[in-house]
Each structure stands twice: as C-alpha cells, then as structure tokens.
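Please look over the sequence and the model before reading on. The paragraphs below refer to both.

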Amino acid sequence: MTDTHRLSPYRIMWLFVMFDLPVGTKKERKQATKFRNSLLDLGFEMSQFSVYLKYCASTEKADAVTDKIPPLLPPGGKVDMLCITDKQFSNMRRYHAGIPENSNGTPHQLRLF
C-alpha cells in the first residue's frame with residue numbers, strides 16, 4: 001500500500017465518543033471522571049463535555065480503539081460511537097459563541113510510537 005493511499009482523507013478516520021453518565025452521587029461523579037480520563041489516556045481530546053474525538057490512521061485502528069471503550073463505561077452509563085472519514089470531518093461546520101471556527105481536519109496532538 002502506498003503512503004498516498006494510507007494518508008487518504010477517505011481512509012483516515014475520526015472516532016467520536018458521545019456519552020451520558022450518571023452523576024447524582026459522589027461515587028457516580030468519581031466514576032464519570034475516571035471514564036473521561038480513560039478516554040484521554042486512549043488519545044481522545046474533548047470536543048464538548050460529553051463528546052470526545054480521536055484521530056485514527058485507519059478504520060482498523062478506529063475499530064481497535066472502539067473495542068476498548070465499552071469495558072470502561074460506568075454502570076448506568078450510555079455511550080454512542082461514530083466514525084467518520086477525515087474528508088467528512090473537514091466539511092463539519094463549527095461555531096463557538098456564534099463565530100465560525102476553522103475546521104482544518106488536523107488533530108491537536110499526534111502521538112508517534
């Protein structure tokens with residue numbers, strides 16, 4: 001596989017994790033914080049308070065990360081996961097306080113292993 005194909009905006013994926021967690025008790029708040037920190041440990045970045053995203057080099061890598069998330073979910077929590085291509089991500093319209101934000105499609109951080 002050529003580097004051009006591997007870096008195609010149609011092959012690179014963005015994995016979104018959207019969740020609702022119970023936070024009515026001190027124990028539930030602690031579990032919710034642990035879940036969010038676990039997402040950060042997996043390389044996610046926070047987009048909104050209950051929406052995290054991760055830049056993945058391929059569908060296979062996104063699938064591998066997706067498999068790690070359900071065991072981390074606290075009791076009573078709900079999680080939805082969605083993968084979109086880098087091309088689709090670059091078409092997202094983003095606003096902050098009514099002002100358009102530039103969606104350049106690049107991650108804030110890139111980990112090299």
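What follows goes through the sheet, the helices, the cores and a few single residues.

This is a predicted model, in which local features need pLDDT of at least 70 and side-chain atom pairs count only at pLDDT 80 or more, while totals for chains, interfaces and linings use all residues. Residues are numbered from 1 along each chain as its sequence is written, and side-chain values use heavy atoms, with hydrogens and water left out.

Helices (H or I, at least four residues) and strands (E, at least two) are DSSP runs, numbered from the N terminus. Four strands form an open sheet in the order E2-E3-E1-E4, with antiparallel pairing; two strands pair if DSSP finds at least two bridges between them. Strand E2 (45-48) and E4 are the edge strands, each with a single partner, so one side of each has no neighbour in the sheet. On average, neighbouring strands are turned by 30° against each other, direction ignored. Axes here are lines fitted to C-alpha atoms, for helices over the stretch in contact, and angles run from 0 to 180 degrees between N-to-C directions.

Next come the pairings of E3. E2 and E3 are joined by a hairpin through two residues, and three bridges link these antiparallel strands. Glu45 has Leu53 in E3 as its bridge partner, and Met46 has Tyr52. E1 and E3 also pair in the antiparallel sense, over six bridges. Met18 stands opposite Val51 in E3. Of the six residues of E3, five are buried, so the strand is largely enclosed by the rest of the structure. Buried means under 20% relative accessible area, exposed over 50%, and partly exposed in between (1.4 Å probe, protein chains only).

H2 lies across E1, E2 and E3 and runs at about 175° to E1. H3 packs on the sheet as well, where it touches E1, E3 and E4, and its direction makes about 20° with that of E1.

Which residues of helix H3 are buried? In this helix, which spans residues 59-68, they are Ala62, Val65 and Thr66. Viewed down the axis of H3, the buried residues fall within an arc of 105°, so they line one face of the helix; the arc is that of the directions from the helix axis to the C-beta atoms. An α-helix has 3.6 residues a turn, so residues three or four places apart point the same way. The buried residues of H3 pack against strand E1 (13-20), strand E3 (51-56) and strand E4 (78-85). On the face of H3 turned away from its buried side are the exposed residues Lys61 and Asp67.

The interior can also be described by its nonpolar cores. A nonpolar core is a set of buried Ala, Val, Leu, Ile, Met, Phe, Trp, Tyr and Cys residues joined through side-chain atoms within 4.5 Å. The largest one has 15 residues, and those with the most contacts inside it are Leu15, Val17, Phe19, Phe35, Leu39, Phe44 and Ile69. E1, helix H2 (26-41), E3 and H3 each give two or more residues to this core, and the largest share, four residues, comes from E1. Apart from it lies another core, of six residues, among them Trp14, Phe16, Ile84 and Phe89.

Two residues show how these parts meet. Not counting residues up to four places away in sequence, Phe44 touches Leu15, Val17, Leu39, Tyr52, Leu53, Lys54, Val65 and Ile69; contact means heavy atoms within 4.5 Å. Tyr52 lies in strand E3 and is buried, at 3% relative accessibility. With neighbours within four places in sequence left aside, the contacts of Tyr52 include Leu15, Phe16, Arg36, Leu40, Phe44 and Met46.

The cysteines remain. How many disulfides does a search of the whole structure find? The search finds zero, a disulfide being a pair of cysteine sulfur atoms within 2.5 Å. For Cys56, the nearest cysteine sulfur is that of Cys83, 6.3 Å away. Cys56 is buried, with a relative accessible area of 3%, whereas Cys83 counts as partly exposed at 31% relative accessibility.
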